[in-house]
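Student: I have a structure open and would like to learn how to read its features. Could we go through a few together?

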Amino acid sequence: MLKCRTAWKKLAPLARASSTVCRQNVRRTGLTNGRIPALVPAAHMSTGPAGGGGGENRLYFALVGAAFVATGIYAYRTVKGDKQRYQERIDEISSRPSKATESDPEPPAAEAPETAAVEAAEPEAVPEPEPQAAPSAEEPSPSAPDAEAAAPSETTEPPPAEPSAPSEPSPADLTEPPPAPVVESEPPAAAAAAESPAAEPAEPQPEVVAESAVEAVPALPKVPSHTPYLLIGGGTASFAAARSIRARDPNAKVLIVTDEPDLPYMRPPLSKELWFSDDPSVTDTLRFKQWNGKERSIYFQPASFYISPEELDSAENGGVAVLTGKKVVHMDVRGNKVKLDDETEISYDKCLIATGGVPRNLQVIERAGDEVMKRTTLFRKIEDFKALDKVSRNIQSVTIIGGGFLGSELACALGRRSNESDLEVIQMFPEKGNMGKVLPEYLSNWTTAKVKREGVKVIAEALVKSVTCKDDKLEIQLKDGRLVKTDHIVAAVGLEPNVDLAKSAGLEVDSDFGGYRVNAELQARSNIWVAGDAACFYDIRLGRRRVEHHDHAVVSGRLAGENMTGANKPYWHQSMFWSDLGPDVGYEAIGIVDSSLPTVGVFAKATAKDTPKAATEESGTGIRSESETEDTAVSPVASSLPAPVVQQNKDDYGKGVIFYLRDKVVVGIILWNVFNRMPIARKIIKDGEEHADLNEVAKLFNIHED
Amino acid sequence: MSPSESPCKDRIIFVTREDHETPSNAELIAEDPDDPYEEQGLILPNGDINWNCPCLGGMASGPCGSQFKEAFSCFHYSKEEVKGSECIDNFRNMQECMQRYPELYPQEEDKAESNSGSASDPPTEGSALPSETDSAPASSEPESAVPSDSMSPTDDQTAS
């Protein structure tokens, strides 16, 4: 209703103005002898053409008329929209008491929820069939109500509803369907009961309520309404943060909310080790055998590590709970709470956003229609791995579009598989060679040759113009005229960081790198941190950046966890990354590794010992990145496989170190087939010094030794 | 070097073993062991235990985390002649807790007790590994996580 007035207020001056102008112009046209035009009224907004000619007048009329009409339309729409919005709001409010979560009024009136909920608590105590004052319930109850006391006041929306009236019908509602609402309204009841002046009934009640919370019907997944630590996203960064928080804050309660159905897992094996497994049931077990025969699961921890969300509040020693299959759709920073896709609200003290990203797709594929999309895989999650594994067994030809890390790794993995089956593996990308944006050209060429040797048909300098589906086969038309026919496409063309919550939370998104903009301590706003692929952070040494690597997710997740527990440390420990493209090509890298930067490469002869396989066998560890933690290499293990001797010719880059420079300072280093030297590389980058002779710096790596 | 780019952009140097025999004259800045930004090792500069040390893996953060912390703290601060002799109860609590989660703490813990703490034998599921990123289960490898003071803080955590 108010909008009507404001709209009219907006319209009125314009209406007045245009009518005055009309009157004015009528007068003016009468005065053709060029005399000064009539007085302009003070409220006049626009300036008409002084003594203007007829044509100009008409144009002016048209403009003003159009503006008037446009304003009229806008006003009409606003009024209508407001009406609709209002109606929706009323509907939402009226539907809320039936949900039986909160029916209590304004947040500031903390007493109102208490008194209302106390009434709710009492009838609840009655339907509880087993009011066991179990001693174990006593301990969680003091801490639980404290945590939950915040919940009712924070999660209540300020509806213009009556204070106590709705709360009375709500207990009645509650008793009817016993398990669900009882379970849900227990926290407010417990909290309110604990705080209410009625001390006597309050004490046994939390116990009763807490106990019955634990005994609630297991079929209903209960979401805690408040958690001290909320981690949005269930990937690597989130898990690392959870571990960090638990280590530093004794008995911390951490809730991870993820829209995936899986517990936190590591991503690199999905494009590497899992494909090399001999186990036919690998897609179910998701376990992989490493070089040295040791097996592990891609899941960071088995399910027994976590506690269930229902138990989180009452857990004496805290724990990590994972809420799967739920997406956070709205974030209220002022109220310190989030809303899930099923309308549940969770309030928090500290929040981490670790939402990662979504694989990008090529526009030509998106526009190509369902038949093409059906035959396209965007590879990121476990389900994508399972799907691609299945598909690859049933087709003759697969094409990977993209020449970066993921594309090349998948190409090599599938290429290996093609040795056993008839699978044709094609990889196409716009650059000149594999890893063209990362490696200097000579190494990129070398890598491409290796990839080809893994059985992959590499089509470089390929820009996709269109994709169509004909007779159950996909036809990829390239811009230079080439046509590639294939059965399935895997698009590995980058990652779009997930910043869905930026709008509702009022968080800044970086325009250069994408992702949430955070400071050097990974903080976005007061109680909000961001880590992993989605974080565009300030690196004190290397400047603002966003990193999409596994180790970075671990490092940043850990750091965020530390800062969420009061550490205030900036990003300092530089993360690394690695890639293995087949058994012969392996490298580890750190810092900014961008092929557009000037590079200096120092190479030595390569022997059979300098392969990723040899490196892991020697240090006796499964995955190369683990061996980096060992500061000394273990006694060498004789390689049981006779690897071929690598011929040294001018262009054979067997092993070496490549420095990436920016303004004469080393900002990135690649260790090419040289392992267990990452600490030295890290040190050089950390120092950020200008070195006159990089060969001297290269000496520090002892590239000729093992 | 590629002909298409300016010759200075990507320099390549091939070196023989002899070329690299002379020690490097590259200067590195001295490390400050008390630098608060750096990743700390197991023992912090003030003598406390760094529970977030990657070397401990998930020991301090798992379901038996608090028992582990109590036991290990007791041991660390123990001034008895036989270090940790008064901590038997704590260790027993920890072991009992761990027995309830055999998946996380496989029963090679016997070795752990005879060492300085239980962190030296991380469980196979990878909950207590030095490089928890994607590390292999180092169930019986002594070099993976010996929480002794000899572990140098700078080399401690590199891969993650």
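Student: Which residues make the nonpolar surface patch?

Tutor: Keep in mind that this is a predicted model. A patch here takes residues with over 30% relative accessible area. In this case Tyr538(A), Ile540(A) and Tyr37(B) make a nonpolar surface patch of about 250 Å².

Student: Is Tyr37(B) buried, exposed or partly exposed?

Tutor: Buried means under 20% relative accessible area and exposed means over 50%. Tyr37(B) has 33%, so the residue is partly exposed. Its place in chain B is the loop between β1 (10-14) and α1 (65-77).

Student: Now a helix: what length does α2 of chain B reach?

Tutor: The idea is to set the reach against what is expected at 1.5 Å a residue. Helix α2(B), residues 88-99, has 12 residues and reaches 16 Å from its first C-alpha to its last, close to the expected 16 Å.

Student: Which residues of α2(B) are buried?

Tutor: They are Phe91(B), Met94(B), Cys97(B) and Met98(B). These four cover an arc of only 120 degrees around the axis, so they lie on the same side of α2(B).

Student: How many helices and strands does chain A have?

Tutor: Chain A comes to 23 helices and 28 strands. Of its 706 residues, 54% count as buried.

Student: What share of the contacts in chain A with a separation of 6 or more joins residues 24 or more positions apart?

Tutor: That share is 69%.

Terms used. Residues numbered from 1 in each chain as written. Chains lettered and ligands numbered in written order. Predicted model: local features only at pLDDT ≥ 70, side-chain atom pairs only at ≥ 80, totals over all residues. Heavy atoms only, no water. Helix = DSSP H or I, 4+ residues; strand = E, 2+ residues; numbered from the N terminus. Expected span 1.5 Å × (residues − 1). Buried < 20%, exposed > 50% of the residue type's maximum accessible area, 1.4 Å probe, protein only. Arc of directions from axis to C-beta. Patch = residues over 30% accessible without salt bridge, like charges linked within 9 Å, V, L, I, M, F, W, Y side chains within 5 Å. Areas by Shrake-Rupley, 256 points an atom, 1.4 Å probe, with all protein chains shown as cover. Salt bridge = Lys/Arg side-chain N within 4 Å of Asp/Glu carboxyl O. Contact = heavy atoms within 4.5 Å.
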